[in-house]
Amino acid sequence: MDQVFTAFLFLLKMGNEIKSILVTGGCGFIGSNFIHLCLRERDYEIINLDALTYAGNLENLKDYESDSRYKFVKGQIEDPELIKDLMQEVDAVVHFAAESHVDRSIEDQKPFVITNVLGTQVLLSGALNSPRLKRFVHVSTDEVYGSLRPDDRPFKEDDHLHPNSPYSASKASSDLFCRASFKTYGLPVVITRCSNNYGPYQFPEKLIPLMCINAMADKPLPIYGDGSNVRDWIYVEDHCKGVLAALEQGVPGEIYNFGGECELSNLEVVKTILKILKKPEDLITFVADRPGHDFRYAMDITKAQKELGWKPEWTFSRGIEMTIKWYQENRGWWEKILSGDYRDYYHRRYGSL
Ligand code: NAD
Ligand code: DAU
């Protein structure tokens with residue numbers, strides 16, 4: 001509580017007006033949706049720092065290229081000199097940049113340590129040296145809590161961390177560096193943890209876009225194990241609104257869970273997609289399970305509802321219709337990805353299908 005009070009005094013002293021934000025990973029799925037939301041509904045100046053890895057795509061923000069409030073910087077979050085300079089220009093950080101795909105983390109852990117752990121630590125250290133920084137929002141995941149059994153209650157913010165994949169281990173580590181920066185130095189860090197997002201601009205390695213695209217092309221839909229694993233699905237715009245609420249109203253040192261209150265098994269999700277696209281269920285192909293596959297995630301979002309006045313607004317049926325429509329209407333976006341480097345990844349993973 002005394003740290004919260006220190007942070008409160010810090011804010012009082014600095015004033016809480018945020019005009020400019022450093023968004024990391026803004027060319028990825030959630031980061032680009034977040035920048036769209038901010039430029040549509042707010043008047044912040046935004047610097048988007050992104051390394052343009054396989055998951056980063058400048059096309060996600062092409063509508064705002066000439067907006068005077070928006071600037072793109074290509075670079076790595078783990079570059080201390082670049083971070084030091086950028087921190088002088090902003091009042092807040094919203095940190096999305098990460099290696100985000102669990103399957104890739106199982107194949108090669110190192111990029112996850114470099115970006116998610118080292119990159120976050122470099123950003124936090126840079127933030128400490130910035131006299132004008134008023135908020136550091138760290139965007140994390142429900143996966144840090146581990147896996148639930150069917151009858152367990154949903155995760156709460158003060159639950160212990162039990163990460164099971166190299167990806168979630170790296171995210172949990174970054175959460176702990178954020179906590180340490182608040183406790184030790186009073187850096188005004190807010191951590192958000194969200195469940196599975198879906199919506200426009202999601203890279204086609206993730207379940208929902210992969211299944212939409214394969215189904216449209218009458219290709220097999222690879223389901224790991226027996227398809228009974230459960231995820232809590234949230235439409236990406238709802239998550240972005242939560243992150244914005246955390247930036248504007250979140251209390252330093254606090255953690256906020258976001259989720260869609262929409263638990264579905266993978267098989268239910270895939271059958272819904274097939275039904276909307278009017279494709280046969282025999283496209284479903286059961287493949288080898290993911291090693292260490294978490295069985296179920298579910299979030300208790302009471303705190304965000306009470307303290308941020310946030311709640312998810314999209315139903316799954318509306319969100320999945322919109323998402324499928326987006327992938328149907330934006331073939332050029334994903335066909336370019338499928339014909340690039342991702343093709344090698346896809347063939348390595350699913351080549352026999
Ligand atoms: P994504 O993979 O689509 O995008 C990641 C972005 O980060 C890309 O634009 C990439 O180029 C950039 N990036 C990667 N390494 C970088 C580096 N070293 N320096 C600078 N930029 C770098 O990821 P996403 O799905 O949009 O997830 C964004 C954040 O939200 C992540 O931190 C993730 O852990 C978290 N999150 C994701 C979900 C989800 O369902 N996708 C749910 C909860 C939390
Ligand atoms: O829960 C939040 C997390 O959601 C985020 O932190 C991660 O960044 C994001 O990638 C996502 O992780 P998941 O591993 O849950 O998402 P993915 O889309 O990879 O898989 C969702 C479920 O679908 C999971 O149970 C594995 C399964 N799956 C996935 C793929 C890619 C399949 O059955 N077949 C597939 O081909």
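The backbone oxygen of Ser-195 lies 2.9 Å from a polar atom of the Asn-197 side chain, in a model that is predicted.

Me: With which side chain does the side chain of Asn-197 make a polar contact?
Reply: Asn-197 has its place in strand β7, residues 196-198. Beyond its neighbours within four places in sequence, Asn-197 is in contact with several residues, including Phe-29, Trp-233 and His-239. The side-chain polar contact, at 2.8 Å, is with His-239.

Me: Is Asn-197 buried or exposed?
Reply: The relative accessibility of Asn-197 is 7%. The cut-off for a buried residue is under 20%. Asn-197 therefore counts as buried.

Me: How far from an oxygen atom of ligand 2 does a polar side-chain atom of Asp-142 lie?
Reply: Asp-142 is among the residues that come nearest to ligand 2, together with Tyr-167, Asn-196, Arg-290 and Tyr-350. For Tyr-350, an N or O atom of the side chain is 2.7 Å from a ligand 2 oxygen. For Asp-142, the separation between a polar side-chain atom and an oxygen of ligand 2 is 2.5 Å.

Me: What percentage of the area that ligand 2 exposes when taken alone does the protein bury?
Reply: A polar side-chain atom of Thr-141 lies 2.7 Å from an oxygen atom of ligand 2. Taken alone, ligand 2 exposes 690 Å².

Me: How many residues of the shell around ligand 2 are nonpolar?
Reply: Helix α7 (207-216) and strand β8 (221-224) each supply at least two residues of this shell. The shell also holds 8 polar and 6 charged residues. The nonpolar residues number 11.

Terms used. Residues numbered from 1 in each chain as written. Chains lettered and ligands numbered in written order. Predicted model: local features only at pLDDT ≥ 70, side-chain atom pairs only at ≥ 80, totals over all residues. Heavy atoms only, no water. Near = heavy atom within 4 Å. Polar contact = N/O pair within 3.5 Å; in protein donor to acceptor, adjacent residues only side chain to side chain. Areas by Shrake-Rupley, 256 points an atom, 1.4 Å probe, with all protein chains shown as cover. Helix = DSSP H or I, 4+ residues; strand = E, 2+ residues; numbered from the N terminus. Nonpolar A, V, L, I, M, F, W, Y, C, P; charged D, E, K, R; others polar. Buried < 20%, exposed > 50% of the residue type's maximum accessible area, 1.4 Å probe, protein only. Contact = heavy atoms within 4.5 Å.
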